[in-house]
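Subject: Structure handover and findings

Dear colleague,

Please find the structure we spoke about below, followed by my notes on it. I would be glad if you read the notes with the model open beside them.

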Amino acid sequence: MRTDTQTITRLEDYRPTDYLIDTVELDIQLDPAATRIRSVLQIRPNPLGVKAVPLVLDGDELMFRGLWIDDEPASADVYEATPQGLTIAHPPGRPFRLTIDTEVNPSANTKLMGLYRSNGVYCTQCEADGFRRISYLLDRPDVLSVYTTRIEASRDEAPVLLGNGNLRERGEAEAAGRHFAVWHDPHPKPAYLFAVVGGNLARTGKTFRTMSGRAVEIAIYVEPGKEERSHYALDALERSMRWDERVFGREYDLDVFNVVAVSDFNMGAMENKGLNIFNDKYVLASPETATDADYANIEAVIAHEYFHNWTGNRITCRDWFQLCLKEGLTVFRDQEFSSDERSRAVHRIGEVRTLRARQFTEDAGPLAHPVRPTRYREINNFYTATVYEKGAEIVRMLKVLLGEAEFARGMDLYFERCDGTAATVEDFLGCFAEVSGRDLRHFQRWYEQAGTPTVSVQTAYDPVARTYRMEFRQETPPTPGQPEKSPLVVPVLLGLVGEDGQLLEASSNKVREDGLFVLETKAESITFEGIDSRPVPSLLRGFSAPVRLELDLPDSDLLALLRHDRDPFNRWQSAQTVALRLLTSLAEAPANGSSAELADAIGTFLDRSGLEDPAFAAMILALPGETEIAQEIGRDVDPDAVHAARQRVKAELGRSLAPRLRDLRAAMRGSGAYSPDAASAGRRALGNAALDLIAAGDPGEGERLAAAQLEQATNMTDRLAALATLSLIPGQTREAALTRFGDSYAAEPLVLDKWFALQAAIPEEGTPGRVRALMTHPAFAYSNPNRVRSLIGSFAMANPTQFHREDGTGYALLAETVLALNGTNPQIAARLLTSFGTWRTVTAARRAQARSALEHIAAAPALSPDVLDIVQRSLAPA
Ligand code: B3K
Ligand code: ZN
């Protein structure tokens with residue numbers, strides 16, 4: 001492998017900059033191939049920095065065009081300008097004005113970082129380090145400046161011109177056919193929150209009145225003709241603003257809030273101050289083109305980006321190691337919002353499923369890292385499930401430990417004390433320590449230690465002494481760079497359930513009134529007194545900590561919890577645990593178990609409460625995914641065996657529950673116009689979960705029902721669910737349905753994405769060939785991240801049997817795509833490459849194939865820093 005020349009950035013090396021930039025005034029002359037940028041910086045020495053040192057500004061692929069110091073042209077010997085940076089060896093030792101001219105080519109920018117064009121619309125992406133692709137700057141989050149941006153463009157090409165902050169002025173430019181707009185953002189911000197947009201866009205908007213009575217013009221900008229599809233996003237934005245006022249006391253702070261949807265975007269969306277830029281997938285929705293899941297995602301992402309206005313923008317990060325400070329906290333906030341808007345229990349189950357599928361997998365593989373990493377080579381590779389989702393779990397644990405009231409006081413103090421600053425995890429925890437009087441240094445280890453802890457529990461009931469004893473142990477496996485682990489503070493919410501389902505009033509001095517037991521050491525036990533009959537413990541209620549729980553309870557106890565527990569999360573979890581036990585043992589040996597007991601319990605559940613909360617019932621019907629089963633097995637995984645086991649249990653459940661499933665499906669049938677609300681979505685989810693199981697049990701019936709549903713469906717949720725069911729039943733009906741669907745939505749890229757994803761996930765031998773054929777489909781383009789993620793990303797992440805094929809063709813397909821994208825869009829290439837994260841857990845023959853695919857990538861010429869970083873970490877000795 002090549003020797004590594006990339007620089008490593010380390011947390012312990014942080015020090016403030018030697019210069020500060022108080023204001024940034026930009027004049028941007030938009031042009032498709034030659035955009036000129038004049039940047040006027042008001043600079044002064046940082047009192048906290050070193051005096052009289054060179055000023056080194058960041059750049060990335062920039063064309064330097066000129067420099068002035070205090071409005072005087074700088075002579076060539078006082079500076080050095082390269083595409084990657086601008087150095088002034090002896091800057092004035094007092095405040096001064098630096099004027100810099102640069103030029104960029106937005107049309108040639110395929111990395112989608114900095115200023116680029118998407119379907120003719122000019123837009124920017126600056127997080128984490130994209131501003132330096134627009135102009136030279138101290139491009140780091142602890143340099144906060146007040147920005148004023150003048151944007152000029154051809155009126156025909158870009159009738160809409162948007163920037164951060166409030167609109168100050170607009171009008172005709174001197175040059176014929178051109179106009180301009182000046183935007184001013186009074187809130188000092190780091191460069192990563194800078195944005196401009198210019199293009200032909202249609203606006204939908206309204207006036208929002210804040211809690212103190214100020215009027216804010218809120219608006220969504222989309223491609224002309226798609227205005228109808230932006231109403232849901234606008235509604236979600238309004239609800240998010242109201243919720244943040246009500247729940248966190250946060251009011252919006254500018255006169256306008258704009259959201260722009262673009263079709264080429266590396267991630268979901270970006271929280272630029274007052275000007276969020278979104279992947280159109282998280283804005284556009286109509287019943288004909290979007291599913292219930294899309295509506296829920298739009299609501300969550302709109303909320304997430306809006307909530308960043310306080311957690312991220314008003315309070316930003318001191319350095320990129322603190323990324324979880326804004327991301328984990330903001331995910332926590334958007335999860336709370338969605339839980340309040342929808343069903344809390346169902347939402348929690350969804351969060352935990354994602355956490356296990358993505359974050360636990362990451363934590364168990366070669367890319368495992370702490371929620372606050374201590375070193376990186378490429379920061380864009382750290383926008384991970386660990387930073388986001390595990391980061392959110394840490395905030396949730398803090399709330400459980402402190403209780404609602406103290407948690408709220410801690411948040412208030414954080415908003416008050418850290419507003420306007422670039423903060424750290426210590427600043428955040430410090431606020432909670434202060435309001436609660438607790439020492440949170442041990443708790444802080446959650447940010448520092450990677451890996452998913454396993455908490456195992458042994459129970460013993462003594463009928464003579466009438467005591468019930470639980471012994472807890474915790475263990476965190478080694479992760480890269482962290483061979484030794486220490487115990488964490490694990491909040492375990494628990495309760496004891498009696499045989500008849502009654503909650504037992506048991507006391508133990510180690511358990512708080514609300515059922516909280518805090519495991520702080522490696523091993524600890526609790527004893528409950530005065531217990532008259534053997535109870536069933538309900539542990540880790542609401543998934544109170546991001547750990548793997550190992551329980552010594554028999555299946556019969558768990559199934560009793562499915563019936564009786566008052567914690568809905570654990571009702572679901574108990575059934576999942578039983579299913580997971582069965583699935584792992586069947587994957588090891590097909591004779592190892594029967595699904596009869598599980599089927600029986602689910603049948604009883606459906607009879608008693610299947611109709612009470614359809615969304616919840618749909619969750620109960622869904623078996624653990626193949627990723628989760630593989631994770632549970634842990635090593636030498638044979639994905640074919642996992643798939644076969646899961647298919648078999650699905651089929652058995654489908655057959656034994658068939659009459660009930662048919663009834664449920666009938667009962668869930670909707671009438672009237674489509675509504676995306678949670679209750680209606682829950683009914684569709686249950687109806688479609690039933691269809692899926694019926695089809696697994698009887699493919700013939702499944703094919704008939706799905707084909708009929710596909711014909712009759714009046715919304716994309718039901719249509720896509722029918723197509724998904726059909727996609728698993730080989731034959732002419734499927735092929736004809738796929739072709740028809742593809743033809744009907746040829747002009748709808750976001751719908752074709754679903755169609756690509758579904759075909760890439762077909763667990764059959766022919767799929768790699770199918771995927772290759774789809775890569776030549778007119779709608780597919782390497783340049784569009786959504787297309788690549790839908791087709792290639794789904795193949796790698798949602799099709800374990802084909803990605804991990806023993807003949808290595810799945811890995812080869814991925815490697816090829818990664819190399820094809822390495823030069824044009826390294827971020828997307830690196831992200832795809834993370835799908836090799838489980839390679840060490842599969843069988844030896846597969847491991848050998850995966851290793852050779854990874855080595856092939858590692859040996860390729862001109863690897864981007866992004867891909868190099870992932871491939872080297874993936875191959876590093878475990
Ligand atoms: N903050 C952005 C993510 C930026 C990713 C840069 N590679 C979106 C978000 O988390 O809200
Ligand atoms: Zn975020």
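In what follows, a residue is called buried under 20% relative accessible area, exposed over 50%, and partly exposed in between, with a 1.4 Å probe and protein chains only. By that definition, both His308 and Glu327 are buried.

This is a predicted model, in which local features need pLDDT of at least 70 and side-chain atom pairs count only at pLDDT 80 or more, whereas totals for chains, interfaces and linings use all residues. Residues are numbered from 1 along each chain as its sequence is written, chains are lettered from A and ligands numbered from 1 in the order in which they are written, and side-chain values use heavy atoms, with hydrogens and water left out.

The zinc site

The zinc ion (ligand 2) takes its protein donors (N, O and S atoms within 2.8 Å of the metal, or 3.2 Å for Na, K and Ca; water is not among the atoms, so sites may look incomplete) from His304 (NE2), His308 (NE2) and Glu327 (OE), at 1.9 to 2.1 Å. Along the sequence, these donor residues follow the spacing H-x3-H-x18-E. Because His308 sits in the loop between helix 2 and strand 22 (316-317) while Glu327 belongs to helix 3, the pair ties together parts that are 19 residues apart in sequence; helices (H or I, at least four residues) and strands (E, at least two) are DSSP runs, numbered from the N terminus.

Ligand 1

Around ligand 1 there are 15 residues, of which the closest are Glu127, Glu271, Glu305, Glu327 and Tyr388, a residue being counted if one of its heavy atoms lies within 4 Å. Strand 20 (269-270), helix 2 (292-307) and helix 3 (323-341) each contribute at least two residues to this shell. An oxygen atom of ligand 1 lies 3.1 Å from a side-chain N or O atom of His304, an oxygen atom of the ligand is 2.8 Å from one in the side chain of Glu305, and a polar side-chain atom of Tyr388 is 2.5 Å from a ligand oxygen. Taken alone, ligand 1 exposes 340 Å², of which the protein buries 95% (Shrake-Rupley method, 1.4 Å probe).

Cysteines

The structure holds zero disulfides, a disulfide being a pair of cysteine sulfur atoms within 2.5 Å. Cys317 has its closest cysteine sulfur in Cys324, 7.7 Å away and therefore too far for a bond, and Cys317 counts as buried because its relative accessibility is 0%.

Methods. A polar contact is a pair of N or O atoms within 3.5 Å; within protein, one must be able to donate a hydrogen and the other to accept it, and residues adjacent in sequence count only if both atoms are side-chain atoms.
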